[in-house]
Amino acid sequence: MADFDSASQAFLAWLQRSGAEISPKVKLADLRHAQAGRGVVATQDIAEHEVLFRIPRSAILSVENSILSTEIPASTFEMLGPWLSLILVMLYEYLNGDASNWSPYFSVLPAEFNTLMFWSEDELAELQASAVVGKIGKEGANESFTKGLLPVIKEFAEVFFAGDVRAKQRAEEMRDERNLELMHKMGSLIMAYAFDVEPATPRKDVDEEGFAEEEEDEALPKGMVPLADMLNADADRNNARLFYENHVLDMKALKPIRHSEEIFNDYGPLPRSDLLRRYGYITDNYTQYDVVEIPMELVEDVANRAGIESAERIEYLDEQEIVDSGYDLTASSPFTLQESLSPELIILIETLLQSQDEFDRLKSKGKLPKPEKMTGDAAHLLHEIVKARIAQYPTTLEDDSRSLEAAPLSGDADSKARRYAMAKAVRIGEKQLLGQAEAALAELKTRFGRTSKRQRAVDEEGDVEMGGVEKKQRA
C-alpha cells in the first residue's frame, strides 16, 4: 500500500511541476479493491462544465515531446507510423529510467497486463469461436517489431543507448524474448491508455466550411496524457471528457458530479470482447454493444452447400466494396433484425440469391439490392448461416448458462479463474445474440412460408423490388 500511495503522490507532484493544474475537488484514488487500479474521484460536488484538471501539451508523452525526436530523422518516424513511433519513444524513455522526464509517470502505469495479448493458449480457448481471438494480432505485432522497430534501434544504437559503451550490443539484445515482451507491453499501454492527440494548429488545408479535403485526412499522432488516462471508463456513467486547447488539454465535467463519485471517461461503443482485448476486463454496462461476427468464409460455405453459385456475384460485390472478411450482428434492445443485421450482409445474401437475369440487370446498371427489405429466400439462407455460426461454438448456451459465475472482483486480476469467467461471459453474450437472431429468422421464415417463394416485382426502370420485411438503415 505504501509503495502504491507513494508512487501516486510522486506522480502528482511531478505532474504539477510540469505545469498541470488539478482541481482540489478531485483526487487520485486507490481502487484496487474493485480491480480498477487507480481512478479519479470527486472530493466535493462538481458543477457541469467545470475543469477537473488541465494538462499542458508539453507533459504529454509523445514523439514530439521526447528528446529522441531531435536525434532521429523525422522521416524515420514517418516511416514507422503513429503506433510504432510512440512505442519507440516509450521504449527509449522507459529504458532511460530515472533520467527520463516521464519516470514518475511510468511508475504509476501497469507493469502487468490482463489483455488477451498476454493470455495463455488454454485461457484463449475459453473464448471458443469468438472472432476476437483472430484480432489479437500477436504474430503481426512481432513482425512489426522485428522488421520495423529493431532495425531503427540498431541503426541509431548510439543515440538510443547514449553513453553506454555496449550500445550496439544492447541494440542486438533487443531481439531477445524479454525485450520483445517489453515492446508488447508498451504497445498494450498505448492501446489501453493513449489518446489521439489533436494538434494545436490544424495541419490540413480546409475549405470555406472548415472541412479538410478527404485525401488530406491522416492518422492523428498518439500520445500518453498523464492523469487523463487514470480515469476508468463506463458506458452508462460517463461524466467527463478531454477537450483540446492550443497549449493545454482540459478534462471537464459533462454533468454535475457529486462528492465521492468516481469520474468516468468512455471508450465508445465497444463490445465486451474488444473491451477484454484492449483493456483486460469486462463490465455488464457494455453488454449493449456486444457483437458477433459472421465470417465471409462461413457465408460462402453455406451458400455453396446450398448449390448457390457465388464466384461471379462476389467478384462484383467486391468491386462495389461490399465484400468484407466478416459482417457484424449487433445487439439491440429490444432485439430486431432490422437493427442488428449488417446492411452489407443483406446486400450480399440478396445478390447471391438473384436469378441470373436479375443479377445481369443489376450489374449492367452498377447497382446493388437495397437492404431495407428482405425476401423469404434471404431469411431462409440467413437462418442456415446463423445456425452454422452457432455450431462453431463447442458448447451450447444452455451448457454455459448452467455453470455461469460472475467474474470475481477479488484476487489477482490475471488469475486463471477470473480469465476463464470473463471469457465465458463474452461467449455467452455472443451466443445469446446469435440465439436471438436464429429465433427471429425462424419466425420470419414461418411468416413467409416454407414452400412458397415470394415473387419479386420489377419496377418501371427494370429494377428488382425486393418484397419482404422492411429493414431500417443503421447509423
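Predicted model: local features only at pLDDT ≥ 70, side-chain atom pairs only at ≥ 80, totals over all residues.
In general, nonpolar side chains in soluble globular proteins tend to be buried together. Here the largest nonpolar core has 84 residues, and the members that touch the most other members are F11, L88, L91, Y105 and L227. The helix that gives the most to this core is α3, residues 74-95, with 10 residues. A second core of 38 residues is separate, and among its members are Y327, I349, L381 and L444.

Now to the strands. There is an open sheet of 4 strands, in the order β1-β4-β9-β8, and its pairing is antiparallel. At the edges are β1, residues 21-22, and β8, residues 240-244, each of which pairs on one side only. Strand β4, residues 51-56, pairs with β9, residues 248-253, in the antiparallel sense over 5 bridges, and in that pairing R54 stands opposite D250 of β9.

Let me end with another pair of strands. Strand β11, residues 291-295, and β12 are also antiparallel, with 5 bridges between them, and E293 stands opposite D328 in β12. Why can we call β12, residues 326-330, largely enclosed by the rest of the structure? Because 4 of its 5 residues are buried, that is, under 20% relative accessible area.

Notes:
Residues numbered from 1 in each chain as written. Heavy atoms only, no water. Core = buried A, V, L, I, M, F, W, Y, C linked by side-chain atoms within 4.5 Å. Buried < 20%, exposed > 50% of the residue type's maximum accessible area, 1.4 Å probe, protein only. Helix = DSSP H or I, 4+ residues; strand = E, 2+ residues; numbered from the N terminus. Pairing = 2+ DSSP bridges.
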